Amino acid sequence: MDCTENCLALAQGFAKERELLWALGEQTRQQVFLVLLEQEDQTGGLRVGEIAQRTHLSRPAVSHHLRILRQTGVVRLRKTGTKSYYSMNAETAVWDDLYDLLGRVCAVVHRAREKGAEKWT
């Protein structure tokens with residue numbers, strides 16, 4: 001794959017993952033997401049109040065950030081009666097797509113580093 005094709009493929013990958021990168025790039029959402037990642041039992045989930053206590057955020061703020069994380073597919077919701085439980089969604093292809101994109105970026109950076117090292121020696 002030549003440089004132009006590679007750059008085009010990366011641009012398409014970034015466009016596809018833009019919403020996910022934006023969602024995970026915000027510090028408060030990272031806090032909420034990290035609380036969900038710390039759960040030992042991913043099947044049970046946490047309620048908004050529990051996440052609010054652990055992050056020191058208000059319940060409305062937690063709900064807002066959970067909604068955004070759910071839209072990107074990295075957080076899932078399970079309802080039991082009137083109660084809502086949130087957990088990290090480990091079963092989604094979003095993680096594989098993000099991993100692939102970052103792997104392609106790293107490959108380009110490594111090739112550039114090798115070429116740059118040759119140039120500077």
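Asp97 counts as partly exposed, with a relative accessibility of 25%, where buried means under 20% relative accessible area, exposed over 50% and partly exposed in between (1.4 Å probe, protein chains only). The structure is a predicted model, in which local features need pLDDT of at least 70 and side-chain atom pairs count only at pLDDT 80 or more, while totals for chains, interfaces and linings use all residues. Residues are numbered from 1 along each chain as its sequence is written, and side-chain values use heavy atoms, with hydrogens and water left out.

The side chain of Asp97 meets that of Lys16 in a salt bridge, with 3.2 Å from N to O; a salt bridge is defined as a side-chain nitrogen of Lys or Arg within 4 Å of a carboxyl oxygen of Asp or Glu. This pair links distant parts of the chain, since Lys16 belongs to helix 1 (residues 3–25) and Asp97 to helix 5 (residues 94–120), 81 residues apart. Lys16 counts as exposed, at 58% relative accessibility.

The structure holds 2 salt bridges, and Arg76 and Glu91 also form such a pair, their closest N and O atoms being 3.5 Å apart. Arg76 lies in strand 1 (residues 75–80) and Glu91 in the loop between strand 2 (83–88) and helix 5, so the pair ties together parts that are 15 residues apart in sequence. Arg76 is partly exposed at 25% relative accessibility, whereas Glu91 is exposed, with a relative accessible area of 71%.

These elements belong to a chain with 5 helices and 2 strands, where helices (H or I, at least four residues) and strands (E, at least two) are DSSP runs numbered from the N terminus. Along the sequence, the elements follow the pattern α-α-α-α-β-β-α.

Thr55 is found in helix 3 (residues 48–55) and is buried, with a relative accessible area of 7%. When neighbours within four places in sequence are left aside, Thr55 is in contact with Gln31, Val32, Val35 and Val62, contact meaning heavy atoms within 4.5 Å.

For the chain as a whole, 36% of the 121 residues count as buried. Among contacts with a separation of 6 or more, 56% are accounted for by residues 24 or more positions apart. The radius of gyration is 19 Å, whereas a compact globule of 121 residues would have a value near 14 Å; the radius is taken over C-alpha atoms, and the globule rule is 2.2 Å times the number of residues to the power 0.38. Along the principal axes, the C-alpha atoms fill a box of roughly 60 × 25 × 25 Å.
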